[in-house]
Amino acid sequence: MDPFTLGSGLTHGAKPEPYRRLPGDPVRRVLRVYTQDPGTSRSDGAIAEVELPWEPVGPGPTGRIFVVRDIHRPTGDVWAPIDLDDFRVTVGKGLPPSTTNPQFAQQMTYAVAMSTYERFRTALGRLPEFAPAVIRKTKGGRIEIRPHWDQEDNAYYEPDEAALSFGYVKSSDRSEGSTQPGAYVFTCLSHDVVAHETAHAILDGMRPHLMRPSNPDVAAFHEGFADLVALLMRFRYRDVVRRGLEDSKDETLDSALLTDMARQWGRTDGDGRAPLRHILYRQGRPDEPVPKADRYDKKKEHHELGAVLVAAVFEAIGRVFRAKTRTLRKIAAQSPGSRDHLIDLLTAAARDLAGQFLNIIIRAVDYCPPVDLTFGEFLRALVTADWVTVPDDPYQYREALVLAFRRYGITVPGVPDLSEDALLWKGPEVALPPIQGLSFSELRHRFEPGWFADHGERQSRANSFGRYVTSEGRHKYFGLRPPGRSGELLYDAPVVESVRTLRRLTPDDDLDFHVVAEVTQRVRKGKRWYWGGSTVVIGAEGSPRFVIGKGVTNPERRDATDAFLQHAPREYKHAFETEEWSPGAVIRRFHSRSSKR
Ligand SMILES: [Zn+2]
């Protein structure tokens, strides 16, 4: 048996590849979108212009990353595609927002999906990839966007179909805002929903094995993470943030305009439409736990559990915001009539801060274990990701995160206390030499370090890493074990899943460079497989700096998975019991409104 193999993310090639600008190309494309949804009032900043890097697009739009194909599943009809290069479209910065023109929905879904993709690209300093399931399905590894897919009160990222599919429903008699009773409500016109679905696709591309629901936090993490991305993307829109601050009673971030998710497209059950989710925003002393009903409880339905994660991160942002703007507020309090000016300054501060936290959240995914993630581990990933970039933490972002997670009852197993030092991921247990071929000076780049390396180079990096972690006596430092039988257990060969670069600009304008590699291994016991392995963050000189491991030999981890799966839906069990499990079926289950079997 081979000592290790390469995963499908490495054998299929990295995709999708964005357009590379040529001299003479336009720099940007500007398109109009709803900042929330058509139910939001114009005075609340309902419409904004989004700037995207220009790429040539055919009708659809058909770009390099996303292809909009507006097919209606029940009838097979296809709405005529928009041509973004038509002068009638370009002169007006895209079509004007409309609930009745399907071509506007095509424009908006393209614009929001692309801006979400670009946001990840900036935070990671590399090209995001889509999941192997998506790349298997399509030649260029692009995702198809279907704005008016079916009459259904939901939207989905469907990896098996390489698609983002959006449903629509008739609104009820007691709808909120300006939505007419009986009118259609399109999920594709909700900025939150489009950003949420796109975030699912990119998260799955970063970590396909995190989709395997091995504990109660997994589904909740996917939902919470996608909600956080959608909520923080909203802070890009100046008018929305300004209006939100004006509406809140003491210029904090707790206004409904900033904390309600998908307001028009809420729940239809009960009395009319309420927001789909809103943040459980609970101000209070940092050492005072939130009410029990709002705290972490693994028995909660997964959207509710995801909402706890969102609330904890949002509370940390709110706390840092208050701390960072204290002086500003004091000065404003001394000068009557300065509220407008204060709100302007607070708007700028809130937008910067939301952008910084969005960077931390996205980068933290690189610091997560490759499988079986828990909220506590995500906190450690957040703390480590931020510590690497900003070691001195002058505004105590990390302390705010730690305190907020504690207030919401999210625990971190395996650490003596919640000090920064205890929470930071550690290096290997023993001093290990640098990995041959993975130091910055040895890597061969294509175009630039953030671009996909060519196929041979990717394989060679993966093989260097695979040989390193599986060489004699090293397995145990990386959560692995040599393949073969051990009593009733059968260990497969470890699988190198990815070797990627991570670059970011520090606040001092230094370029920070790391390689992030993942190795997984599965072990079979009876009819079920269990996954372990580790994420290894490698410094510029090639040495493992952090090892974020989930031991594959650990019997307690297997027991915990069994206990969780006992009451889990059939689709979840499939992910552990069949070779050809469907990530699409699992994520459909994540999105269902009930957690019933
Ligand atoms: Zn979701």
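Phe-447 sits in the loop between α14 (420-423) and α15, where helices (H or I, at least four residues) and strands (E, at least two) are DSSP runs numbered from the N terminus. Although Phe-447 is not a glycine, its phi is positive, at about 60°. The model is a predicted one, in which local features need pLDDT of at least 70 and side-chain atom pairs count only at pLDDT 80 or more, while totals for chains, interfaces and linings use all residues. Residues are numbered from 1 along each chain as its sequence is written, and side-chain values use heavy atoms, with hydrogens and water left out.

**Backbone features**

- Most residues other than glycine have a negative phi, and most peptide bonds are trans.
- Glu-251, in the loop between α7 (238-247) and α8 (256-259), is a residue other than glycine with a positive phi, near 55°.
- Glu-251 counts as buried at 13% relative accessibility, where buried means under 20% relative accessible area, exposed over 50% and partly exposed in between (1.4 Å probe, protein chains only).
- The peptide bond from Lys-15 to Pro-16 is cis, with omega near -5°, and Pro-16 has its place in the loop between α1 (8-11) and β2 (28-34).
- The peptide bond from Gly-60 to Pro-61 is also cis, with omega near 0°, and Pro-61 lies in the loop between β3 (47-53) and β4 (66-68).

- The protein donors (N, O and S atoms within 2.8 Å of the metal, or 3.2 Å for Na, K and Ca; water is not among the atoms, so sites may look incomplete) are His-196 (NE2), His-200 (NE2), Glu-223 (OE), Glu-223 (OE) and His-591 (NE2), lying 1.9 to 2.6 Å from the zinc ion.
- Glu-223 lies in helix α6 (residues 216-234) and His-591 in helix α18 (residues 583-591), so this pair ties together parts that are 368 residues apart in sequence.
- Glu-223 is buried, with a relative accessible area of 1%, and His-591 is buried as well, at 6%.

**The largest cavity**

- A cavity is a set of points, on a 1 Å grid over the protein atoms alone, where a 1.4 Å probe fits but cannot get out, and its lining residues have an atom within 4 Å of a point.
- Grid points are joined across faces, edges and corners, and a volume is the space filled by probe spheres set on the points.
- The whole structure holds 6 cavities of 30 Å³ or more, and the largest contains about 140 Å³ of space.
- Of the 14 residues lining the largest cavity, Trp-451, Phe-452, Ala-453, Arg-500 and Thr-501 lie nearest its centre.
- Both α15 (455-470) and β13 (495-505) supply at least two residues of this lining, and the largest share, 3 residues, comes from β13.

Definitions and conventions: 1 Å grid on protein atoms, 1.4 Å probe; cavity = no way out; pocket = protein on both sides within 12 Å on 5 of 7 lines; lining within 4 Å.
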